[in-house]
Amino acid sequence: MTRTLEWKINMDLLEDEGTTEARAVLDTGESTITGHGSARRNPEDEDVPLIGDELAASRAMSDLARQLMRLAYKDIGETGAGMAGEADRDAPYGWTTPAR
């Protein structure tokens with residue numbers, strides 16, 4: 001079965017006095033997940049807003065990714081898939097990570 005989906009992530013950034021806050025929202029159609037991240041500039045560093053944006057956004061995306069992985073593991077468990085064997089400790093359920 002071929003299936004095509006498009007998930008969009010909405011990223012909001014707010015900078016205030018050297019601190020940047022990011023909020024990444026993913027709507028899968030089944031659920032909405034929100035990741036948060038922040039970055040704070042050292043007062044002695046040059047003010048380069050793009051760096052704060054990049055750091056806060058990447059941290060929000062990392063948070064979002066962790067939550068999405070936990071949701072996937074929960075869904076896998078609910079399908080009745082068992083724990084992976086000893087060789088697949090990185091992938092805790094029946095689906096494994098593809099070899100690179």
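1. Two strands are taken as paired if DSSP finds at least two bridges between them; helices (H or I, at least four residues) and strands (E, at least two) are DSSP runs, numbered from the N terminus. In the hairpin of β2 and β3, 4 residues lie between the strands, and glycine 29 adopts a positive phi near 90 degrees.

2. On the basis of the model: it is predicted, so that local features need pLDDT of at least 70 and side-chain atom pairs count only at pLDDT 80 or more, while totals for chains, interfaces and linings use all residues. Residues are numbered from 1 along each chain as its sequence is written, and side-chain values use heavy atoms, with hydrogens and water left out.

3. The chain contains 1 helix and 3 strands, arranged along the sequence as β-β-β-α. Of its 100 residues, 20% are buried (under 20% relative accessible area, with exposed meaning over 50% and partly exposed in between; 1.4 Å probe, protein chains only).

4. Strands β2 (residues 19-27) and β3 run antiparallel and are joined by 9 bridges.

5. Strand β3 (residues 32-40) has a covered face made up of Ile33, Gly35, Gly37 and Ala39; its uncovered face carries Thr32, Thr34, His36, Ser38 and Arg40.

6. Helix α1 has 30 residues and spans 43 Å from its first C-alpha to its last, close to the 44 Å expected at 1.5 Å a residue (the expected span being 1.5 Å times one less than the number of residues). After α1 comes glycine 80, with a positive phi near 90 degrees.

7. The buried residues of α1 are Gly52, Ala56, Ala57, Ala60, Asp63, Leu64 and Ile76. They pack against β1 (9-16), β2 and β3.

8. Leucine 50 belongs to helix α1 (residues 49-78) and counts as exposed because its relative accessibility is 52%. Together with Val48, Ile51 and Leu55, Leu50 forms a nonpolar surface patch with about 320 Å² of accessible area. Patches consist of residues with over 30% relative accessible area and no salt bridge, like charges being joined within 9 Å and nonpolar side chains (Val, Leu, Ile, Met, Phe, Trp, Tyr) within 5 Å; a salt bridge is a side-chain nitrogen of Lys or Arg within 4 Å of a carboxyl oxygen of Asp or Glu.

9. Among contacts (heavy atoms within 4.5 Å) with a separation of 6 or more, 32% are between residues 24 or more positions apart.

Technical notes. Accessible areas come from the Shrake-Rupley method with a 1.4 Å probe; for residues, only the protein chains shown count as cover.
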